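Good morning, and thank you for making time for this presentation.

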Amino acid sequence: MEYNVRLCGAAGQGLQSVGKVLISALSKTGWHIYAHQDYESRIRGGANFFQIRISDRPLTTFSPQVDLLVALSSESYQIFADDLHPQSICFHPGPEKLNRDFTEHIFNPETVAQESGGNKRMASAVVAGLVWATVSEDHEPVLAELAEFFGARDQEIGEGNRKAGAAGVELARQLGIKALAGGPRPEAGRMVLRGNDAVALGALAAGVKYVAAYPMTPSTSITELIAAEGKKLGVSVEQAEDEIAAINMAIGAGYTGVRAMTTTSGGGFCLMTEAIGLAGSAEIPVVVVNGQRPGPSTGLPTRTEQGDLLFAVHSGHGDFPVAVLAPGSIEEAFYIMGDAFNFAEQYQIPVIVLTDQYLADSFQTLSELAPDRIKIDRGKLAEPSENYKRYQLTSDGISPRLFPGAEPAVVVSAGDEHNEEGHLIEDAETRIAMMEKRMNKLKQISVLQPVTCGETKQPTLSLITWGSTWGIVQEAVQDLVSSGVSVQGIHLPQLAPLPAEALQAILSAGPVYTVESNFSGQLATLLKGHGFTISGTCSRYDGRPLEVRQIIEYVREVQG
């Protein structure tokens, strides 16, 4: 069973509040959800939407189908009415009906809210009640959620919203709208999590103690959550004056032995690259989360794209080791932060975590997370000694770390080329020794193994993807296999160093295609550079996430 609800309207009309109330109540009553936000780069106005996919089975992506459209503005109603099908129901503010091939009702939630004893600012609660009435006959879960959500600071406001929600339910009943038949049972240990929240909570579970960042969509809410929740864990958060300052602050913290990170998006990541080279040369651990959005320049600042892959892999001038990770789901976004911090400290390198707006602003029902699965490994640490050498040559290229101030040792680090003691050099012999020492780390870095789905025993076709597109590929592969296509899906959570041997081991003799949200096929380029033969790329680059149907159509087309 599947049911898709789209709430649309102008920025500032409370779409997020309605959406959060609904997905929380739905999850608590046993439904699985995947919610996706689409919004314009403006504070007020425009045509935004919050789409909730509801099912009695686990979901890994959104659906563009719309079974119920609730429009809070005439503009959004006009825009999104084209997405409705004959069985769809639409609520909108008018001024008149479109008389298209679907059921439509003109309504004004502000009026309903006022007539129910509240005020027009409680229109969001009316919408929540109205939507809920199309899903379940039991209204109490959403009414309780409204009272809790809006009454967190003022119980009277909470009760007013509860009444407004009940009025929304009654409106649906008066129109004869029936709720979905059946439904799942509540399950213990279920939660709804947003992508950026998963990144932030994963960082906290991994022991981050310092975050410096300059706000930039879509990464800002990572820092905001850590600032709110990290106080209890002794985490310091600094809003820097710009991205250059942010990453240098994080590197400074890492130099002193503190687990540190910064967050940004593509434009800010550009500014950080010189400092990433510094971290590589001086062998200072730092984690950089790049929430990708379309570029170049400011591009489409509130939309999604996977356009920074090759930039991240080659982020800096000269040769130095760097690791690039990319979670393929909201759940993986939580756990991969543990790997990111461990890699950074074990190998004393910059680690870049690539997410994107689609993952950052999506919500998903998940089983309870297990923070204990994240094991903190701070790497090789040295005992203070007068003979300490910060860049001691070792067989694995990793010199034991010692934090400044550990007497009687003197810790000397440098971005210029240096010798074992950290002093600047110019001679060729030491330069070669230090370059080989740093680059030797690439042979040591642990590998996050590729993840597969679908037909894994000699499939005739393989789809390789990375990042948030994985959930979409999973559902496309599931549908293709059900229709008799022998296809496997492969997700690469680690893109640098590329796990080439592990990937080669799971590929069959059939053609290989990449699935990614960028123009040039950056994953295909990366794989070709490692000797893989790529037959083509299924891509999207209009600022919207790929859809399951696009992947299926692509596979049908290449199969002839």
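This is a predicted model: local features need pLDDT of at least 70, side-chain atom pairs count only at pLDDT 80 or more; totals for chains, interfaces and linings use all residues.

How many bridges join strand S2 (residues 32-38) to S14? There are two, and these strands run antiparallel. Residues are numbered from 1 along each chain as its sequence is written, and side-chain values use heavy atoms, with hydrogens and water left out.

Strands here are DSSP runs of E of at least two residues, helices are runs of H or I of at least four, and both are numbered from the N terminus. Two strands pair if DSSP finds at least two bridges between them.

Let us stay with S14. Within this strand, Phe363 is the bridge partner of Ala35. S14 also pairs with strand S7 (residues 190-194), in the antiparallel sense, over five bridges; there, Arg190 has Ser367 of S14 as its bridge partner. Four of the five residues of S14 (residues 363-367) are buried, so the strand is largely enclosed by the rest of the structure. Buried means under 20% relative accessible area, with a 1.4 Å probe and protein chains only.

These strands belong to an open sheet of eight strands with mixed pairing, in the order S6-S5-S4-S1-S3-S2-S14-S7. Strand S6 (103-106) and S7 stand at the edges with a single partner strand each, so one side of each has no neighbour in the sheet. From one strand to the next, the twist averages 20°. S2 is also joined to strand S3 (residues 45-55), antiparallel, by seven bridges, and Asp38 stands opposite Phe49 in S3.

Helix H12 (residues 330-347) lies across S2, S7 and S14, at about 70° to S14. Such angles run from 0 to 180 degrees between N-to-C directions, with axes as lines fitted to C-alpha atoms, for helices over the stretch in contact; contact means heavy atoms within 4.5 Å.

I turn now to another sheet. This open sheet has seven strands, ordered S9-S8-S10-S11-S13-S12-S18, with mixed pairing. Strand S9 (236-239) and strand S18 (494-496) are at its edges, each with a single partner strand, so one side of each is left without a neighbour in the sheet. Strand S12 (residues 323-325) pairs with strand S13 (residues 350-356) in the parallel sense over three bridges, and Ala323 stands opposite Val351 in S13.

Definitions and conventions
Buried means under 20% relative accessible area, exposed over 50%, partly exposed in between (1.4 Å probe, protein chains only).
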